[in-house]
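Good morning. I will go through one structure, starting with its domains and then turning to its salt bridges.

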Amino acid sequence: MEQAQRLQRIPPYPFREIAALKARMIEQGREPIDFGIGDPDMPTPQFVIDALCEAANDPATHPYDESGFGTEGYKHAIADFAKRRFGIDVDPDGEIQSTIGAKEALVHIVWAYIDPGDVVLVPDPAYSVFKVQTSWCGGAPFPLPLEAENDFLPDLDAIPAAVRDQAKMMFLNYPNNPTGAVAPLEFLERAVEFARENELLIVQDAAYCEVYYDDADRPHSILEIDDAKDVAIEMHSLSKTFNMTGWRVGWAMGGRSHVEALSRAKSNVDSGTFMAVQRAAAVGLVNYEDFATELQAEYRARRDALIVGLRSLGCPIEAPRAAFYVWAPVPAGYTSEDFATKLLSDCQVLAIPGSIYGPCGEGFVRMSLTIKGEDKIAQIEQAIENMRRGGVSW
Ligand SMILES: Cc1ncc(COP(=O)(O)O)c(C=O)c1O
C-alpha cells in the first residue's frame with residue numbers, strides 16, 4: 001500500500017536506528033559501553049512510584065481527564081514549583097497545559113502555529129523534533145548555528161533582516177541538548193526583545209532544567225523575563241528530572257493564548273495524561289529538591305570522570321554546565337561519523353555522531369552520561385582505556 005507523500009518528508013527517528021545497531025552488537029556478543037541515547041538509567045524515585053500505585057488504585061483516576069488542560073492538583077503543583085524554583089507567577093487556570101512529555105508539546109505547538117511557507121528559526125545542532133515537525137507542517141526551518149565561541153548561544157543579530165521578517169517561531173533549548181550549554185538571563189532577555197521586535201513566538205524547551213552541576217549555572221525559565229508570556233511558551237518535563245522518560249508526563253507554561261492554541265491542537269489528537277500519572281507527577285514536583293540534588297551529584301561524578309579521561313587523551317574539552325551530555329570535538333582528520341564508527345568498532349564505545357543534530361554538529365560526538373549496567377565510573381574508565389588502546393588521541 002502506498003504511503004502518504006507527507007511521510008516521505010520526514011526521516012526515520014534517528015535513535016531507532018542506533019537502538020537497532022546496539023541490539024545487533026549485543027547479538028554478536030560485543031556489547032558496547034553505551035553513551036548513546038539520553039535515557040536515564042536510574043529508577044524513578046520510590047515516593048513517586050508509591051504515589052502512582054495509590055492513585056492507580058483510586059477509580060476516580062481511570063476515566064479521561066475531561067479538564068483538557070490537566071488536573072487541578074497537577075496544575076497547582078506546577079504553579080507552586082514555578083514560584084519556588086523560578087520565582088514566577090503562572091496561573092494554573094489558563095497558563096499551564098499538562099502534556100505527554102515535552103516532545104508531544106513541541107510537536108503540537110508547531111501544528112498550532114506554522115502554516116506552509118512560514119519560517120521557523122531552529123538551532124543547529126539540535127534535538128531533531130524542532131526541524132522535523134517544522135518541515136512536516138510545510139514550514140521552512142532556518143538554522144541558527146550554535147558555536148563554541150559563542151557559548152553555544154545563537155547570534156540573533158546575525159539573522160538576515162528578510163528572514164526575521166518572515167519568521168513566525170524560534171526554538172530555544174536550554175539547558176541544551178546536545179552541547180550541555182546554559183542560557184544566561186541576559187541572553188533570554190535579548191531573545192524576548194528579539195521576539196517582540198520581530199513578532200514571533202519563542203518555544204523554549206526546558207526538558208533538562210534540573211540537570212545542572214553548579215549552583216552558579218542553575219538554569220532560568222524564560223518566563224522570568226518581564227512580560228515574556230506575550231511572546232513565549234516553555235516546555236517542561238518530568239522525564240529527566242525524575243528518571244521518568246517512559247511515564248510520558250510534562251507541561252507547557254506561558255501566555256494564555258499560546259497555551260490555549262497548544263491545548264486546542266493537542267486535545268484534537270490525544271486525550272491527555274493518565275490522571276494517576278498526573279497525581280504522581282504532582283507529588284514529585286512538591287518534593288523535587290532533595291531528589292534533584294542527589295541526581296545532580298551522580299551526574300557530576302560521571303561528568304568529571306569522563307572529562308578527566310578525555311583530557312588525559314589530549315581532548316581539548318570544557319566540562320558541560322548542564323544536561324547529561326558531553327559534546328566532544330573529534331580529533332583532526334575525522335568526520336563525526338568516522339570517529340563514532342572508530343569508537344564503536346575499535347573501542348566498543350557507543351557515541352552519537354554530532355552530524356545527526358545538524359550540519360553544525362559536524363566535528364563533534366555526543367556522549368550521554370546515562371550509562372546502563374553496573375558501576376558507571378568503572379565503565380567510563382574502561383571506555384577511556386579502550387580508547388587509549390584503540391589508538392584514539394587528540
Ligand atoms: C531537547 C529535548 N527536548 C525534549 C525531549 C523529550 O522529552 P520528553 O521525554 O519530556 O518528551 C528530549 C529527549 O531526549 C530532548 O533531548
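**Domains and salt bridges**

The area buried between domain 1 and domain 2 is about 3,300 Å², and carbon and sulfur atoms give 58% of that. Keep in mind that this is a predicted model.

Where are the two domains? The assignment puts domain 1 at 5-44 + 290-389 and domain 2 at 46-287. In the contact, domain 1 takes part with 34 residues and domain 2 with 40 residues. Their C-alpha centres are 25 Å apart.

Now the polar side of this interface. Between the two domains there are 21 residue pairs in polar contact. Three elements, helix H1 (5-8), helix H11 (288-312) and strand E9 (325-329), each supply at least two residues of the side of domain 1 that touches domain 2. Helix H11 gives the largest share of that side, with 7 residues. Sorted by class, the side of domain 1 that touches domain 2 has 21 nonpolar, 5 polar and 8 charged residues.

How many salt bridges cross the interface of domain 1 and domain 2? The rule finds 1. As for Asp 217 and Arg 321, their side chains meet in a salt bridge at 2.9 Å, N to O.

Next, the structure as a whole, which holds 22 salt bridges. I will show three of them.

The next pair is Glu 298 and Arg 302, whose side chains meet at 2.8 Å, N to O. Both residues lie in helix H11, 4 residues apart, which is about one turn of the helix. Glu 298 is partly exposed, with a relative accessible area of 28%, whereas Arg 302 is buried, at 1%.

The last pair is Arg 303 and Asp 304, with the closest N and O atoms 3.1 Å apart. Arg 303 is buried, at 12% relative accessible area, while Asp 304 is partly exposed, at 34%.

Key. Residues numbered from 1 in each chain as written. Predicted model: local features only at pLDDT ≥ 70, side-chain atom pairs only at ≥ 80, totals over all residues. Heavy atoms only, no water. Domains from an automatic or database assignment. Contact = heavy atoms within 4.5 Å. Buried area = accessible area lost by both parts, 1.4 Å probe. Salt bridge = Lys/Arg side-chain N within 4 Å of Asp/Glu carboxyl O. Polar contact = N/O pair within 3.5 Å; in protein donor to acceptor, adjacent residues only side chain to side chain. Nonpolar A, V, L, I, M, F, W, Y, C, P; charged D, E, K, R; others polar. Buried < 20%, exposed > 50% of the residue type's maximum accessible area, 1.4 Å probe, protein only.
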